[in-house]
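This briefing is for a reader new to the structure. It begins with one local detail and then turns to the domains, the annotation and the salt bridges.

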Amino acid sequence: MSHKSPKDFFAPLAVGAPAPLREIPARPSRAIHFFDPSNPKMVDKIPQMVGTVDVLLGNLEDAVKADNKLAAREGLVRIAQETAGLGGHSGPTQLWTRINSLDSPWVLDDLTTLVPAIGDKLDVVMVPKVQGPADIHYVDRLLAQLEAKAGLTRPILIHAILETARGMANVEEICGASPRMQGLSLGPADLAADRKMKTTRVGGGHPGYLVREDPVGGDIAGERRTFQQDLWHYTIAKMVDACATHGIYPYYGPFGDIADVVACEDQFRNAFLLGCVGAWSLHPKQIEIANRVFSPSADDIRHARRVVAAMGDGTGAVMLDGKMEDDASLKQCLVLVELADELSRIDPTLKELYDSIEVD
Ligand SMILES: CC(C)(COP(=O)(O)OP(=O)(O)OC[C@H]1O[C@@H](n2cnc3c(N)ncnc32)[C@H](O)[C@@H]1OP(=O)(O)O)[C@@H](O)C(=O)NCCC(=O)NCCSC(=O)C[C@H](O)C(=O)O
Ligand SMILES: [Mg+2]
């Protein structure tokens, strides 16, 4: 049973806080690029990345050394204040942060520092290791209090990382815990540890997770092909369903084998095909992969537009290239066409590509 009536859901949680959004804006976020705001070499590259990546995320949690937590937080404030075109709910590149986990000694200072200083720039706060709706309720109320105090006019959204077994069990409630909920990411490394999976990687597959073809002629010692399976299929599909149910956005998380750009692309594409809208980028070279994979190809859009044209008023069934198309395949095509429209609004190269497509 919800602790609120539906009517209360869209009332601000603190006097003077901005009204919650009724719909989460569909802003392209193909790559959420992580950087450590305490790392001078990474910080140097941030201004030139604006406009080339949909989201820049100042990471304060794991991968930032304990001794650098304060420097990271202060570095993020500086970057947000000094970088043109970054954040502010309308710039070409969104500004997100990943705060420290809710049981850490740093998280309260993360939020009480960032919201007054750069709350007008911060689009989304990513919350790690979310266990259930109570974690979201806590951040929701605290953000409302801080937004009211800072006089913000637009609510900061919340993104939860699914990286505990309990978080997975509560995924539906997490998605519906607040109108601030923007989306979910898979956190495969922490989730694997929490589930006691026997892997040692940050995302991606494993050669031991396979199926083997049946013996030919009953000869179990004979040559038998094996097929590597996707360790994350169930988890991503469950996340996608929960997000779609609640009108928020699912993302694949990190792919830690930076050198293996081929497997990274495969993992991102699986997530794209299953319904995710983006993935994390840990290294500059992963941005291009995510931008490409999470943008529909020209062939996809050509086909989708042909189906839209052939379906006329959208009802009934038609044959196109020997295949049956109907209301349901039309709806799939519209997902792609709408995504192409959204991307065209922020990416001139894609706009040119999609505008150049001729439909016979
Ligand atoms: C992975 C890295 C440690 C690799 O760094 P490095 O060895 O320095 O790589 P390169 O020498 O190839 O770097 C070339 C130059 O690019 C700069 N660089 C590297 N990464 C970034 C970046 N993310 N943003 C901006 N610039 C970057 C280097 O400084 C080099 O600069 P220069 O020397 O001037 O040419 C490193 O990429 C890294 O730390 N990445 C981020 C890692 C991270 O954020 N991890 C946390 C997210 S994953 C996670 O938390 C798990 C998840 O929660 C789960 O549970 O699954
Ligand atoms: Mg993690």
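Which side-chain oxygen reaches to within 3.0 Å of the backbone nitrogen of Lys-41? A side-chain oxygen of Asn-39 does so, at the start of helix H1 (residues 40–49). Helices here are DSSP runs of H or I with at least four residues, strands are runs of E with at least two, and both are numbered from the N terminus.

This is a predicted model, in which local features need pLDDT of at least 70 and side-chain atom pairs count only at pLDDT 80 or more, while totals for chains, interfaces and linings use all residues. Residues are numbered from 1 along each chain as its sequence is written, chains are lettered from A and ligands numbered from 1 in the order in which they are written, and side-chain values use heavy atoms, without hydrogens and water.

**Domains**
- Domain 1 spans 6–293 and domain 2 spans 298–355; such bounds come from an automatic or database domain assignment.
- Their C-alpha centres are 29 Å apart.
- Contact (heavy atoms within 4.5 Å) joins five residues of domain 1 to six residues of domain 2.
- Between domain 1 and domain 2, about 460 Å² is buried, with 68% from carbon and sulfur atoms; buried area is the accessible area (1.4 Å probe) that two parts lose on being put together, summed over both.
- On the domain 1 side, Pro-28, Arg-30 and Phe-272 lose the most area to domain 2, together 76% of what that side buries.

**Salt bridges**
- A salt bridge is a side-chain nitrogen of Lys or Arg within 4 Å of a carboxyl oxygen of Asp or Glu, and the structure holds 18 of them.
- Asp-110 and Arg-73 form a salt bridge through their side chains (2.8 Å, N to O).
- Asp-110 lies in helix H3 (residues 107–118) and Arg-73 in helix H2 (residues 69–82), so this pair ties together parts 37 residues apart in sequence.
- One salt bridge is found across the interface of domain 1 and domain 2.
- Arg-30 and Asp-347 also meet in a salt bridge through their side chains (3.6 Å, N to O).

**Other features**
- An unreviewed UniProt entry annotates residues 31–201 as "domain: HpcH/HpaI aldolase/citrate lyase"; positions follow the numbering used here, feature names are shortened, and annotations may be inferred rather than shown by experiment.
- Residues 31–201 are 42% helix and 18% strand, with end C-alpha atoms 20 Å apart.

Notes. A polar contact is a pair of N or O atoms within 3.5 Å; within protein, one must be able to donate a hydrogen and the other to accept it, and residues adjacent in sequence count only if both atoms are side-chain atoms.
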